[in-house]
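Open the model in your viewer and keep the selection tool ready. We will go stop by stop.

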Amino acid sequence: MQRPDWAPDDIDVERPSVARMYDYYLGGSHNFAADRVAARAMVEAVPDAPLMAQANRAFLRRVVQHLIDAGIRQFLDIGSGIPTVGNVHEIAQRAAPEARVVYVDVDPVAVAHSQEILAGNRNATVVREDLRRPEAILTHPEVTRLIDFSQPVAVMVVAVLHFIPHSDHPEQTLRTLRAALAPGSYLVLSQASDDTRGGAERVEAERVYRRTDNPLCIRSRAELTEFFDGFTLVDPGVVWVPQWRPETPESAEDAEQAVFLGGVGRLDG
Amino acid sequence: MGEPAASGASCPGTFARAWAKAVSGTSYLPMTQAQLEELLQRLTHRLAAALRAEPFDPRVGHQVGAELVAAHIASAEGLGRTVEVIQLRLLRDLGLVGDDISDRLARLLATITTGYARALRDRTLDEQESIRRAAMVARAQAERALRDSESRFRHQATHDPLTDLPNRTLFTERLAAAINAPGRGADRVGVCFLDLDRFKVVNDSLGHQLGDALLVQMAQRLRRALGEHLVARLGGDEFVILVERTGGTDDVVKAAEAALAAVSEPALVDGHELSVTASVGIVERPVAGTTPGELMRAADSTLHWAKAAGGARWALFDPARHRTELARYALSAAIPAALDRGEFFLDYQPLTSLRDGTLLGVEALVRWRHPELGVLRPDSFIGLAEETGLIVRLGGWVLAEACREAESWGADGGPAPFVSVNLAVRQVNRPDLVQEVRGLLAQTGLPPQRLQLEITESTMMSAGAEDPVRALRALNDLGVRIAIDDFGTGYSNLAYLRDLPVTELKMAGEFVTGLRAPQVDPASRTDERILASLVSLAHALDLTVTAEGVETADQADLLRAIGCDAGQGWHFGRPAPAARILEQIR
């Protein structure tokens, strides 16, 4: 008999949550004082942090639109966080009302908040699970209720991998997820990288995130590209997120300032 | 992009594009640049209309401010840049002119910022409320999950996984509560221990799966039949029922009978119709002065009484019987230490020739000089020792001690009778018996002819007694005498007497007891005839015969007349230390 893997103590609004800090960067008010203190410290250390979050969010929007256009109707968004503006289901279901979306997050407050947002939406749901337990995600009854793994699925792990250290073997997690997917499925990844930024900002950012439950793990472009093992990268490959199919040429300028690298891979049949 | 081409004085497209550029990046905007420009274009039209309208309507500015926030252009920077771009470019880009146009623009900006600030405040408060609600919901969910898992955990810890009945832990808790904190009118309590009869046979012959299915069915029946009483499974086929607030024994007997009735209805398990019975041990007593452990032990031993009486019944606890059993148990537990402390000693009883009255041999009889109970005779502890297996050690000591003492007899020229020692089944079955006896003889120097081993008929008859027979033959070959003890009380199978290495038969005392009044009692005549036939049969097989339990001179005379070789009993001498017996002979 296993004890539950979380307890009421886990829900500590005095402790900054990466999901709610992200909401703060995006201009939301779904956050508590502790989140704002940490997020402000981050902005002080890395003044562009809000822009990075926005760029990543915009990447997510363009990717979902692209996948909808490619015919994808099932989305599994792991590490979805606080469902603030521009959620996957908003983008996807606006374009295709029958699109099914399952959000997965480990943060119980983010999950409870998502439940409230999704109440009454028959084609979208949220489950509390950990990216590091892909089998549990794939077999979760709420996941299997909405997602038919015999059909193509877009698995999205956006702005999450930098919270998964090497010791948790994210490559194995992604392999497990890949094994469950039908040909024609997609993998969407983005994560903070240090290919261009100075060391001082990185050190500061790492210091800020050590106060959360999710310390930072910065990776290089090569490392992120390796995570697409088994997938064929969609053009333009792994790039700074503003460079991924920008709407206007100007919006891709100074793209490396966005710090986030992102890419989309397709599982060929 | 789809906006109308800029034309001369009025160019809303240009303005909207400038506005879009000003606000982008101030917060995350969940739309494409084109969608943003489209939205701002629409708002620009409304602003332009408001600037021209007569009278001036402040609501338009409020609405535009609110729409900006609703479209997620909702940050301090977004507002600042919006004010800036309107102030700097709106009139010019739209080619608006008029006497009071700058007044109107100021008023419009005031209403936009007012509407914007109101909407942003509302939105902030709403979001704060919703995240706080989410935290509360999350905490409630986590607490419920913890409670659920705790109660599941508790259930699993206190219930038997097979039958889902309460287990020993829960039962003990409830019993302890009933005893230690009795409620009003609950000053007596009862316990029934129930065990299915011959359940092992079901398991062994039909398999464990079927056995388990039977247990599940029995558990369901017991639960149904016993209603409010707690039924628990202790393990295996053992169940226990707690009867609280009893008024007396009858209440518990009623529960036991209900349980027995429930069990005994034919059970259909996997196509087999099984007829099951059970035994129940019942204890019922005041809660004051008892403990859960005591009560459970008492119920357990009472269950064994029901079993020993044949099963399919209940038995009621009897304190006197329980005390006796406890004493017996304590006695058997004390044997090893008593051996170590040398509390055992031997007495001997003469085996006397009926022909000439000489002392042929003596039978060694073990005594226990118990520090509290005084000298104990073998019938109070040998049975226990046989049950527990301690007989091997005790019997070994008796054999060694008898050999040691007997060796010295006759050394001073007096009589040197053989010594006869009883061997228990377990001793005879030991593979190293021959080696042990040979070792003792060598060690003590006792000639083998002066050792007699007494075994019972049943020992010889025990199934598969091939090895013991070989051992006895080997001993007999050494010269050791082998006697059959208590002959005539068992099967009295004569066939084996011919083939086995036996030297002597000892006739059971029952036959001799019957020889009291030969002239009047026809039964006595029968015993006499049986004895006479056995003696002549034994002689035909070349065996000597000793009669046990000879108490009178008349009996001795009769036995002598029949041709019996030797006698043992009070008539010839009571058991006594060797020295005294040898003394009397002189």
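Two residues are in contact if their C-beta atoms, placed from the backbone, lie within 7 Å. Start by selecting Val188(A). Apart from its neighbours within four places in sequence, Val188(A) is in contact with Val63(A), Ala154(A), Met156(A), Val157(A), Val158(A) and Val264(A).

Some ground rules come next. This is a predicted model, in which local features need pLDDT of at least 70, side-chain atom pairs count only at pLDDT 80 or more, and totals for chains, interfaces and linings use all residues. Residues are numbered from 1 along each chain as its sequence is written, while chains are lettered from A and ligands numbered from 1 in the order in which they are written.

**Colour by confidence**

pLDDT is the predictor's confidence in each residue, from 0 to 100. Chain A averages 89, and 94% of its residues score at least 70. Chain B has a mean of 89, with 95% of its residues at 70 or more. For the complex, the predictor gives an ipTM of 0.86 and a pTM of 0.60.

Helices (H or I, at least four residues) and strands (E, at least two) are DSSP runs, numbered from the N terminus. Chain A has 10 helices and 8 strands. Select residues 199-209 of chain A: this is helix 9, where the chain's confidence is lowest, at a mean of 76. Now select residues 74-78 of chain A, strand 1, where confidence is highest, at 98.

Next, pick residues 1-8 of chain A. Their pLDDT is below 50, and the stretch has 14 contacts in the model beyond near neighbours in sequence. In chain B, pLDDT stays under 50 over residues 1-10. Where pLDDT is low, the predicted coordinates should not be read in detail.

**Helix 2 of chain A**

Select residues 33-45 of chain A. The expected span of a helix is 1.5 Å times one less than its number of residues. For the 13 residues of helix 2 of chain A that gives 18 Å, and the end C-alpha atoms are 18 Å apart, which agrees.

Which residues of helix 2 of chain A are buried? A residue is buried if 20 or more other C-beta atoms lie within 10 Å of its own, exposed if 12 or fewer, and partly exposed in between; again, C-beta atoms are placed from the backbone. The buried ones are Asp35(A), Ala38(A), Ala39(A) and Met42(A). Look down the axis of helix 2 of chain A: its buried residues fall within an arc of 100 degrees (taken from the directions from the helix axis to the C-beta atoms), so they line one face of the helix. On the other side, Ala33(A) and Glu44(A) are exposed.

**Into the core**

Buried residues make up 51% of the 269 residues in chain A. A nonpolar core is a set of buried Ala, Val, Leu, Ile, Met, Phe, Trp, Tyr and Cys residues joined through C-beta atoms within 7 Å. The largest has 117 residues; Val155(A), Met156(A), Val157(A), Val188(A) and Phe260(A) touch the most other members. Helix 3 of chain A supplies the largest share of this core, 10 residues. A second, separate core of 66 residues includes Leu423(B) and Leu433(B).

Now click Val259(A), in the loop between strand 7 (239-240) and strand 8 (260-266) of chain A. Val259(A) is buried, with 28 other C-beta atoms within 10 Å.

**Where the chains meet**

Show both chains. The contact takes 30 residues from chain A and 27 residues from chain B. Helix 5 (108-118) of chain A gives the most to chain A's side, with 6 residues.
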